[in-house]
Amino acid sequence: MSSTTSESREIVQRRLSAREQAQAEQEAREAAQRSRSYWDMVWYQLRRDRLTIAAFSILALLTILSFGSPLINKFVIKQDPNRIDLFNTYQPPNAANWLGTDDLGRDQLARLLDGGRISLTIGLTGALLTMTIGVLFGALAGFMGGWVDDLIMWFINTMSSIPCLLFLLIITLLFKPKWYVLSICIAVNSWMGTSRMVRGEVLSVRERDYVLASRALGVPTRKIIVRHILPNVIPIVIIMTTMAIGGLILTETALSFLGLGVQPPQATWGNMLTKAQGNFTLGPHLVIYPGLLITITVLCLYLVGDGLRDALDPKMRGRK
């Protein structure tokens with residue numbers, strides 16, 4: 001009887017010690033998390049998000065292949081993306097042409113890599129310009145208030161009233177712009193939503209105690225914006241930039257469908273997909289591969305943006 005009681009006590013003590021050890025480890029982890037800086041916590045959250053890491057890895061691979069397309073086409077594939085061979089049209093994937101050929105006998109893989117470089121560049125440059133203009137006007141309107149806010153919001157509302165397709169149609173018909181000019185034109189007509197969101201965030205931040213204390217101490221407005229306002233807006237800007245890149249790639253695809261995008265012979269994923277829609281029965285690979293690349297790229301950009309939102313927002317951390 002006494003041996004049974006002693007064994008029971010030992011079991012209870014083991015369970016208590018295991019619980020105490022687990023509680024001590026949990027407290028140590030919480031203390032370590034509290035001691036981390038904001039960006040350390042962001043990086044810690046991102047490392048645990050496997051879906052975001054996978055999406056970012058796919059984007060990095062597509063970016064390396066696209067921007068390295070001149071070297072890959074010359075030394076690996078050994079194909080010129082613009083070389084026409086009318087005796088080799090609509091060929092399915094084979095040893096010489098890994099992803100087949102198009103209606104003019106041009107190598108599909110070489111054109112996909114070269115077109116990806118242009119499509120990603122349009123998305124990146126357009127998104128950076130959109131964020132730059134939007135953050136500038138939004139921060140000024142939200143922080144200054146008064147007549148400055150009214151003037152900037154009047155300008156934003158005026159720009160928003162101009163139909164994007166009409167604006168791009170006029171630009172395309174009058175000037176026949178190159179792809180880099182087209183990306184600038186898209187950005188000029190796409191920054192208003194970003195500016196509104198940044199303005200709303202700045203209106204919230206400028207009423208916080210540390211901003212009011214800085215203004216009471218006579219800190220210059222420029223320093224308040226740079227040191228206190230913009231750091232609170234940066235997480236939103238990072239998330240919106242990733243989303244904007246995917247949106248601009250889709251915009252270029254839609255413009256190519258209407259004949260307003262990048263003009264041949266320069267390839268982009270958008271105009272390759274648009275041109276191939278009438279040749280689906282002759283060469284289904286001409287539709288499948290550009291559409292698949294656009295879908296994967298935009299999906300990965302949205303997944304990365306969603307993961308960054310979870311990592312940058314303290315309220316969202318740990319929910320996954």
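Colour the chain by secondary structure: from the N terminus on, its elements run α-α-α-α-α-α-α-α-α-α-α-α-α. There are 13 helices and zero strands (helices are DSSP runs of H or I with at least four residues, strands runs of E with at least two, numbered from the N terminus). The model is predicted, so local features need pLDDT of at least 70 and side-chain atom pairs pLDDT 80 or more, while totals for chains, interfaces and linings use all residues. Residues are numbered from 1 along each chain as its sequence is written, and side-chain values use heavy atoms, without hydrogens and water.

Next, show the surface. The accessible surface is about 18200 Å², with 65% belonging to carbon and sulfur atoms (Shrake-Rupley method, 1.4 Å probe; for residues, only the protein chains shown count as cover). Of the 320 residues, 41% are buried (under 20% relative accessible area; exposed is over 50%, partly exposed in between).

Select helix H7, residues 164-175, which holds leucine 169. Leucine 169 counts as partly exposed because its relative accessibility is 32%.

Move to helix H11 (residues 221-257) and helix H12 (residues 269-276), whose axes come within 8 Å and cross at roughly 40° (lines fitted to C-alpha atoms over the stretch in contact, angles from 0 to 180 degrees between N-to-C directions). Glu252, Thr253, Ser256 and Phe257 of H11 make the contact with Gly270, Asn271, Leu273 and Thr274 of H12 (heavy atoms within 4.5 Å).

Methods: Buried < 20%, exposed > 50% of the residue type's maximum accessible area, 1.4 Å probe, protein only.
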